[in-house]
Amino acid sequence: MKTGVWVHGFLLQAENWQKIVWGEPPNLLGRVPKAVLVTLEEDAMLLGFGTGASESNGKKEAEFIRDYLLEHFFELAEFTAFKGIDLARARKRIAKVAKTETQSQNTKEEAEFAVDILEECGVEKLFVVSSPVHLPRCLRDYCAALEKKKSKILIYATPSQTYWGGPMLSDLVIFEPPHRPDDSTGQARVKIAKMLFQPDKLLEIRKALGL
């Protein structure tokens, strides 16, 4: 089965960019090292880099992250997970299969452009890599893109080991639509979730909470 790996982009100007994208040796893999490891373990034919609205010195997010990886590739040796891996050989393989997507401005668009690229390349199984607190939204958007394009690609959510919150996963809240007959909070959760997508409503919430 032809396999692809896709790394979700991350704002280049973010204060914690290094931690999220690269990680914290020796044991906490950021998005990129995790994606490299999965690519090697799965013998993937494609390692895709998603983009977003940010750029640096004329380079789009995806291009910058790909180039950063190739320039710092041998620093992967600092991670325990890469012990015993021939990094010189691995770098040649990664450089060969790396592909960037530079048109998208958000996760939804990234997923749609990514699916187009994956379909063109004949990928049948996809590993989407992102931070654990962000992966649920990535998975939602990628599944929606696959459904929209009637793609039969199998998708696997693959979390990195670093993120930007407090205690691991404790600041992640998921608002699910009601799916149980005894759920009396379902409609309230749906309404709150919709409010979170409206900037004016978020300002109202912020003011009410005194933030």
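I take buried to mean under 20% relative accessible area, with exposed over 50% and partly exposed in between, using a 1.4 Å probe and protein chains only. Helices (H or I, at least four residues) and strands (E, at least two) are DSSP runs, numbered from the N terminus.

The model is predicted, and I note that local features need pLDDT of at least 70 and side-chain atom pairs count only at pLDDT 80 or more, while totals for chains, interfaces and linings use all residues. Residues are numbered from 1 along each chain as its sequence is written, and side-chain values use heavy atoms, with hydrogens and water left out.

**Entry: the sheet**

I looked up S1 and found that five of its five residues are buried, so the strand is largely enclosed by the rest of the structure. In a regular strand the side chains alternate between the two faces of the sheet. In S1, Thr3, Val5 and Val7 point one way and Gly4 and Trp6 the other way.

I then asked in which order the five strands form the open sheet. The order is S7-S4-S1-S8-S9, and the pairing is parallel, where two strands pair if DSSP finds at least two bridges between them. At the edges I find strand S7 (98-100) and S9, each of which pairs on one side only. From one strand to the next the twist averages 25°, with axes taken as lines fitted to C-alpha atoms (for helices over the stretch in contact) and angles running from 0 to 180 degrees between N-to-C directions.

I listed the pairings of S1 in turn: five bridges join S1 to S8 in the parallel sense, with valine 7 opposite valine 129 in S8, and four bridges join S1 to S4, also running parallel, with glycine 4 opposite leucine 46 in S4. Strand S8 (residues 125-130) pairs with S9 in the parallel sense over six bridges, and serine 130 stands opposite proline 159 in S9. Helix H5 packs on this sheet, touching strand S1 (3-7), strand S4 (46-49), S7 and S8, and the direction of H5 makes about 155° with that of S1; contact here means heavy atoms within 4.5 Å.

**Entry: glutamate 110**

I placed glutamate 110 in helix H5 (residues 107-121) and asked which side chain of opposite charge is nearest to it. That side chain is arginine 31, 7.1 Å away, and glutamate 110 is buried yet has no salt bridge, a salt bridge being a side-chain nitrogen of Lys or Arg within 4 Å of a carboxyl oxygen of Asp or Glu. For charge, Lys and Arg count as positive and Asp and Glu as negative, while His and the chain ends are not counted. The side chain of glutamate 110 does make a polar contact with the side chain of histidine 8, at 3.0 Å. A polar contact is a pair of N or O atoms within 3.5 Å; within protein, one must be able to donate a hydrogen and the other to accept it, and residues adjacent in sequence count only if both atoms are side-chain atoms. Beyond four places in sequence, the contacts of glutamate 110 include Trp6, Thr51 and Tyr142.

**Entry: threonine 158 and serine 151**

Threonine 158 lies in strand S9 (residues 154-159) and counts as buried because its relative accessibility is 10%. Serine 151, in the loop between helix H6 (135-148) and S9, counts as buried at 14% relative accessibility, and its side chain makes a polar contact with that of glutamate 119 at 2.4 Å.
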